[in-house]
Amino acid sequence: HRLDKDTSGLLMVAKNDAAHASLSRQLAERKMDKHYLAVVAGQMREATGSIDLPLGRSLKDRKKMAVRPDGRTALTEWRVLDQRPDRALLDVYLVTGRTHQIRAHLSSIGHPLAGDGKYGRNSVNKTTGFPYQALYSYKLKFTFTTDAGLLQYLNGREFTVEDIWFLKEFYAFS
């Protein structure tokens, strides 16, 4: 699995080809839950939601992704953890895993990531002082069984990061 440039957090690494093949299969079959923490511009109207919009390369900028009717299926689910007058802290769950999916999806609904120079708003970014997008892969949960017991010890395990670089700054704003 991969993280966008300037996204921090948990990353899976396989020690051998057999483990890599098994993990790749589990990812493709969506038998792992990947959660991200994100700080977005504005307040969310609902406590939870999902964004089910196809993504493809932007016709204006080939380095960006955009919502396009001819794009690949992309589904992002989110839940508000906390809000401030001008921003919200979200738990974001990736159902699919497209390039720049979280960044493009949240921007498309008017809530770009704070600090995101590619999909964000300069006016918001200047107020945060974040050096890059406030997006962190903070939780990884394994929910699979494997053939021959390979990696079976991971089934039901959850790995979570508690110390996330932008949380102090988020809570400092009131």
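This is a predicted model: local features need pLDDT of at least 70, side-chain atom pairs count only at pLDDT 80 or more; totals for chains, interfaces and linings use all residues.

The largest nonpolar core has 15 residues. If you want to click on the ones with the most contacts inside it, pick V40, M44, W78, L90, V92, I102 and L106. Where does this core get its residues from? At least two residues each come from β2, which is 32-41, β6, which is 75-84, β7, which is 87-94, and α2. The largest share is from β7, with four residues.

Now α2 itself, residues 101-108. The buried ones are Q101, I102, R103, A104, H105 and L106. Notice that I102 and L106 were also on my list of core residues with the most contacts. After the helix comes G110, and phi there is positive, near 85 degrees.

The structure holds seven of them. In one, the side chains of R103 and D116 meet, with N to O at 2.8 Å. That pair links distant parts of the chain, since R103 sits in helix α2 and D116 in the loop between α2 and α3, 13 residues apart. Buried or exposed, these two? Both R103 and D116 are buried. And D4 joins in as well: D4, R103 and D116 are linked in a network of salt bridges.

Two other pairs for you. R84 bridges to D82, and the closest N and O atoms are 3.3 Å apart. R84 counts as buried because its relative accessibility is 17%, under the 20% cut-off, whereas D82 comes out at 23% and counts as partly exposed. Then there's E29 with K31, again a side-chain salt bridge, 3.3 Å from N to O. Here E29 is partly exposed at 42%, and K31 is partly exposed at 29%.

Next, backbone angles. Most residues other than glycine have a negative phi. Which residues go the other way here? One is R30, with a positive phi near 55 degrees. R30 is in the loop between α1, residues 17-28, and β2, and at 46% relative accessibility it's partly exposed. Another is H100, with phi near 60 degrees, also positive. H100 lies in the loop between β7 and α2, and this residue is buried, at 12% relative accessible area.

Which residues form the positive patch? That would be K5, R57, R62, K63 and K118. K118 is in the loop between α2 and α3, the latter being 122-128, and K118 is partly exposed at 31%. Patch residues need over 30% relative accessible area, so K118 clears that cut-off.

Take Q43, in the loop between β2 and β3, which is 48-52. Q43 is partly exposed, at 42% relative accessibility. From the C-alpha of Q43 to the C-alpha of F142 is 31 Å, and the two residues are 99 apart along the chain.

That's me done, so over to you.

How values were computed
Residues are numbered from 1 along each chain as its sequence is written. Side-chain values use heavy atoms; hydrogens and water are left out. Patches are made of residues with over 30% relative accessible area and no salt bridge: like charges are joined within 9 Å, nonpolar side chains (Val, Leu, Ile, Met, Phe, Trp, Tyr) within 5 Å. Accessible areas come from the Shrake-Rupley method with a 1.4 Å probe; for residues, only the protein chains shown count as cover. A salt bridge is a side-chain nitrogen of Lys or Arg within 4 Å of a carboxyl oxygen of Asp or Glu. Lys and Arg count as positive and Asp and Glu as negative; His and the chain ends are not counted. The place of a charge is taken as NZ of Lys, CZ of Arg, CG of Asp or CD of Glu. Buried means under 20% relative accessible area, exposed over 50%, partly exposed in between (1.4 Å probe, protein chains only). A nonpolar core is a set of buried Ala, Val, Leu, Ile, Met, Phe, Trp, Tyr and Cys residues joined through side-chain atoms within 4.5 Å.
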